[in-house]
Amino acid sequence: MSSAAPPALLLEQVQLLEGPDQPPVVTAVLLEAGAYGAQGEAARQRAASLGLTPLRAEGWLLAPCLVDPHSQLEDPWLGTAETLASLERSAIAAGYGTVALLPRARSWRDRPERLQPLSAGGALQWLLWGSFSRGGDGQELAGHGDQLAAGAIGLAEGEGCPPLPLLERGLSLGEFGQAPLLLAPRDAALSQNGFVREGVAALRAGWPPDPVVSETVPLQSLLALARNHAGLRLQLMNLSTAAALELLAALPPQERPEATVCWWHLLADAAALDPLAEGWRVVPPLGNPSDRAALQRALAEGLISAVAVHHQPLDPEEQLLPLDQRKPGVAGHRFVLPCLWRELVVGAGWTPAQLWQALCFGPAALLGLEPPRLQPGSRRWLLFDPAQHWRASDDPWTPLAANQPLAGAELSGRVVATGLNPELWHGPPV
């Protein structure tokens, strides 16, 4: 059931996670006019004055909204695969409060006039990455200082690592100072046109294999450059192999760059995914079960800093192309929290605080944001019911993207409400 949220609501026995340094506590919480009001006895007294009947919320979690450190949106206004409005609607309904967009676009975001603030008229916080090279083609440096002055949160590139001479030149010029540089450790020339990581599973499925060196060789180069440029805030985008994680683990903690992982790589691998399922065509490619297990361990240990949605929408026509001809990527903010709760909290024994470190506090730190916290008056909260079952095909807040890997699935765990959308309510009638 989806309807407007109640104007005021007292939640009894809800888990409350207020911030990164506070474990969840079971208490009463008052939500009033879409804002986080009070907790404990103060919440009960205020609710009594309003004549509210408490709603039993055992097992539910009230916590800060999630943060997506990088996704893509090529045409925010006229896109057939996704628009700014459709992505904002679906991301908020999935519990996200902040989404940072990579520079890839029809008009590549590589200059100040293309980095103007975005607004779809809603409450989602949009952030923009600037571009390391002009047009993202790795041929010529973009104006780094100008982009940062225009509001870019840092610099990024495409799905591969820029040529080393250009990287060295940009780092030597040092126009971006302490701003983050987000790069994917990937060399397409070494991938051999494969789209599943090499291994037994790829051979059995009959997919063209992508060797591990397509990630480890450029990663070694990036780490060497970082050692030679003190103060560089290098960030590694979408690590995907156990071998790459071993390279990071071998470094002293103070020399390890921050790193992200795409949510899909934590859930799917070449051995577990049905050969006909959506989700095979991603960059970096899906790995083996050992890669997926290593990524989960690295996230738990802090070797990986943040989980990214890396939303890459395709329109229905693009999605029907053969795998070797379509653009890579999966879409869907709405699957991240329920699937990772099931995989990591239920399956691997993580605490809710650990999951929020990966989905909220870690991504915020990576973007240079203040740690999200729940404070009286804040609307940047979500209410999550881990036990609620729902079908993705019945979701009224679905994005436009056609390449959603779980579009027909029945899921467990749902965002019941969020302060950023007062029209959303998936709880019982109150």
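Start with the lining of the largest pocket. Its residues divide into 9 charged, 5 nonpolar and 4 polar. One caution before we go on: this is a predicted model.

So where do you look for this pocket? Find Gln 72, Glu 74, Pro 313, Leu 314 and Lys 327, the residues nearest its centre. In total, 18 residues line the largest pocket. The space inside comes to about 270 Å³.

How many cavities of 30 Å³ or more does a search of the whole structure find? There are 5. The largest cavity has a volume of about 120 Å³. Its lining takes in 13 residues, and nearest the centre are Ala 93, Ala 94, Arg 334, Trp 390 and Arg 414. By type, the lining of the largest cavity has 7 nonpolar, 3 polar and 3 charged residues.

Now the helix pair. Helix H4 covers residues 164-173, and helix H6 covers residues 213-228. Their axes lie 11 Å apart, and the packing angle is about 20°. An angle under 35 degrees counts as roughly parallel, so H4 is roughly parallel to H6. The crossing of the two is right-handed.

Which residues meet there? From H4, take Leu 164, Leu 167, Glu 168 and Leu 171. From H6, take Ser 221, Leu 222 and Leu 225. That contact divides into 5 nonpolar residues, 1 polar and 1 charged.

That's my tour. Over to you.

Definitions and conventions: Residues numbered from 1 in each chain as written. Predicted model: local features only at pLDDT ≥ 70, side-chain atom pairs only at ≥ 80, totals over all residues. Heavy atoms only, no water. 1 Å grid on protein atoms, 1.4 Å probe; cavity = no way out; pocket = protein on both sides within 12 Å on 5 of 7 lines; lining within 4 Å. Points joined across faces, edges and corners; volume = space filled by probe spheres on them. Nonpolar A, V, L, I, M, F, W, Y, C, P; charged D, E, K, R; others polar. Axes fitted to C-alpha atoms, helices over the stretch in contact; angles between N-to-C directions. Helix = DSSP H or I, 4+ residues; strand = E, 2+ residues; numbered from the N terminus. Parallel < 35°, antiparallel > 145°, perpendicular 65-115°, else oblique. Left-handed = near helix turned anticlockwise from the far one by under 90°. Contact = heavy atoms within 4.5 Å.
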